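This report covers salt bridges and a nonpolar surface patch. The sequence and structure come first.

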Amino acid sequence: MNKIFKEAVLWILILIPFAYLATIWKTLPEIVPTHFGLDGTPNGWSNKHSLIYIIGVMGLGIYVLMLLIPRFDPKKKIEQMGDKYYSIRLIMGLLISSISLYLLYVGNKGEINQNILIALIGAFFTGFGNFLQTVKPNYFIGIRTPWTLENETIWKRTHRLAGRIWMIGGLTIILMTILTKNNYWLGILFISITAILVIIPVAYSYIEFKKIQLEK
C-alpha cells in the first residue's frame, strides 16, 4: 500500500469527527456533558467549544505520538515491524475516531449509552491483541517490564500469552456489554477485566524470568 495513501487514511479518520462536529454545531447546547460516572450519568460539563480541543487532542495527539515513536526507538525494532506497526496505528486511529464521534453524539443528545463506549474499547483490545504477538522488543509498545526488556525470549513468550488473553478479554467485554444492562456493574466488570489483562502478562513475565534464572 502506498505510504501517502496509508497516511491519508489516518488523516481521514482524524478529520471525520471534525466534519461531524461541523454538521451538528448549531444544534449543540452551549454547555455539553464531557465527563461521566461509572453508571454513565454526566458529572462534568464544559462549553461546547471544548469539544474542538478534546477531539483535536485525541486524534492529532495520538497520530503525532505514534508517528514519532519509531524515530525515538534506539534499536529500530518498530521500524522493522513495517505494515504491522501501521496496522496498530490504524486500529488506534479507528478507536479514537469512533470514540470522538460517539462523544460528540452524546454531547448533542445529552445522554450516554455506556455499553457502546465500552464495546468500542473491547473491540480495540481484540484488535490490538491480534497484533501483540508480532510486536518486536522495544521501549514504547507492548508489555514493557524489566524482564521482557532484558530477555527477548521472555518478551516473545509474554506477548504470545498477552495477545491471546487480550483477544479473549476484548471479546468478553463486547459480550458483557450485550448481556449486562446495569451501567454501574458494567463499569466495575470492565475495570476488573482491564486490570486482569494488565496484571497477568506482567506477572507472567516475572515468573518466566525466574524460571530462566533457575535454569542457569
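## Salt bridges and a nonpolar patch

Arg-157 and Glu-208 join their side chains in a salt bridge, at 2.7 Å from N to O. Arg-157 lies in helix H7 (residues 152-179) and Glu-208 in helix H8 (residues 183-215), so the pair ties together parts 51 residues apart in sequence. A salt bridge here is a side-chain nitrogen of Lys or Arg within 4 Å of a carboxyl oxygen of Asp or Glu. Salt bridges link Arg-157, Glu-208 and Lys-211 in a network.

This is a predicted model: local features need pLDDT of at least 70, side-chain atom pairs count only at pLDDT 80 or more, and totals for chains, interfaces and linings use all residues. Residues are numbered from 1 along each chain as its sequence is written, and side-chain values use heavy atoms, without hydrogens and water.

The whole structure holds 6 salt bridges. Among them are these:

| Pair | N to O distance |
|---|---|
| Glu-7 and Arg-89 | 2.8 Å |
| Glu-30 and Lys-48 | 3.6 Å |

Helices (H or I, at least four residues) and strands (E, at least two) are DSSP runs, numbered from the N terminus. Glu-7 sits in helix H1 (residues 3-24) and Arg-89 in helix H4 (residues 83-109), 82 residues apart. Buried means under 20% relative accessible area, exposed over 50%, partly exposed in between (1.4 Å probe, protein chains only). Glu-7 is buried at 16%. Arg-89 is buried at 10%.

Val-64, Leu-67, Leu-68, Phe-72, Tyr-139, Phe-140 and Leu-149 make a nonpolar surface patch of about 580 Å². Patch residues have over 30% relative accessible area and no salt bridge; nonpolar side chains (Val, Leu, Ile, Met, Phe, Trp, Tyr) are joined within 5 Å, like charges within 9 Å. Helix H2 (residues 50-72) gives the largest share, 4 residues. Phe-72 is exposed at 57%.

Note on methods:
Areas by Shrake-Rupley, 256 points an atom, 1.4 Å probe, with all protein chains shown as cover.
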